[in-house]
Amino acid sequence: MAQPIRFELLRRDGHSQARRGRLTTPHGVIETPVFMPVGTQATVKTMAPWELKEIGAGIILSNTYHLHLRPGEQLIDRAGGLHGFMNWDGAVLTDSGGFQVFSLADLRKITDDGVSFRSHLDGSSHSFTPESVMAIENALGADIIMAFDECPPYPATRAYVETSLRRTVDWAQRCKASHQRPEEQGLFGIVQGGEFLDLRKEAALRLIDLDFPGYAIGGLSVGEPKPLMYDILAYTTPWLPVDKPRYLMGVGSPDDLFEGVERGVDMFDCVLPTRIARNGTVLTSEGKRVMKNARYSDDFLPLDPDCDCRVCKTFSRAYIRHLIKADEVLGIRLTSYHNVYFMLDLMKRIRQSIEADRFLGYKQEFYERYGYNEK
Ligand SMILES: Nc1nc(=O)c2cc3nc(NCCN4CCCCC4)[nH]c3cc2[nH]1
């Protein structure tokens, strides 16, 4: 059967688990490691598709839970799927809603069959089962779709995590069985298991038996300390097939990208760049800058002198601070554009460092300049 998603491993770093790869999808070839901007409601907030294209975004995320509630997958299907609806011709990955049901919806009831919940928008009753979620994701038409899973909270007891892991594996099998478009949409399994390393191994091995074109690592970045997240990651990735992509869901900040790549992760997504942009915080090679800070009121330098993006070539910190202070919409458009560019450009430099066999050196160099103090 023709596989819509093909992964080539181009180079393995000799000093870490970092890998350089290439993901071929029906909507373009994606160089990995890759950062995927998040477009939860069929838009990467404030950015037009042509802007995403011009800054080099190859794949963006969207979300089953949100789009099912509004505007509904039937409408999007009639519009030609997400690609037609958004008029985005790059690749799309849809998350299955497993996380959003547990973090957003009200009055949830989980059974082995699925989850019933009330919409956080209007309180209407809904239920997600592996079969119904596959039907939604098939209608949205993303190139990569995620299995319906349960993301346990942190902390959670071993008993809870064990039950939830086995349910998630069972749901993954049901997703695979009910997936209607396996030749156009690659279905990824999601490894759960919480902080329990033996359960992470069990989850990985049982999902591999189901043979997916890619594997996501879920249940992380849910409030656990970062060192714990990194340790769970370092333990889990070696159990996954070396020739399939690994996707760390919901991660992350610039340092998380380095730590994840170092531990064998190929794909990342995070709302961070667009979320912090909305309060005027920007990412730069010298750390984060809070543009409302009075120190920028007469600073005519670009947001980041080392950045080649259109915003940094066109506007000053003083002007952008003015826009943010005046609550002018252009302000958050400019900070969002720059922040997404920053993350994509950082990942491009990480790919280049792996190719040049100097990933750990580049990581050190970046950390020394980036620092971790608010400016
Ligand atoms: N289907 C699914 N399963 C997961 O276990 C999962 C785990 C996740 N963990 C996160 N973390 C997002 C953390 N994010 C950091 C920046 C601020 C907003 C929250 N997103 C996730 C999405 C997920 N999706």
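The ligand takes up the space of the largest pocket. This holds for a predicted model. Around the ligand stand 17 residues. Among them, Asp 95, Asp 149, Gln 192, Gly 219 and Leu 220 are the closest. Sort the shell by class. Eight of its residues are nonpolar, six are polar and three are charged.

Now zoom in on single atoms. How much of the ligand's accessible area does the protein cover? On its own, the ligand has 530 Å² of accessible area, and the protein covers 81% of it.

Next, leave the ligand and turn to the salt bridges. The model has 31 of them by count. One joins the side chains of Arg 263 and Glu 259, with 2.8 Å from N to O. Are these two residues buried or exposed? The cut-off for buried is under 20% relative accessible area. Arg 263 has 18% relative accessibility, so Arg 263 counts as buried. Glu 259 has 9%, so Glu 259 is buried too. This salt bridge therefore links two buried residues.

A further salt bridge pairs Glu 262 with Lys 363. Here the side chains meet at 2.6 Å, again taken from N to O.

Conventions:
Residues numbered from 1 in each chain as written. Predicted model: local features only at pLDDT ≥ 70, side-chain atom pairs only at ≥ 80, totals over all residues. Heavy atoms only, no water. Near = heavy atom within 4 Å. Areas by Shrake-Rupley, 256 points an atom, 1.4 Å probe, with all protein chains shown as cover. 1 Å grid on protein atoms, 1.4 Å probe; cavity = no way out; pocket = protein on both sides within 12 Å on 5 of 7 lines; lining within 4 Å. Sits in = over half its atoms within 2 Å of the grid points. Nonpolar A, V, L, I, M, F, W, Y, C, P; charged D, E, K, R; others polar. Salt bridge = Lys/Arg side-chain N within 4 Å of Asp/Glu carboxyl O. Buried < 20%, exposed > 50% of the residue type's maximum accessible area, 1.4 Å probe, protein only.
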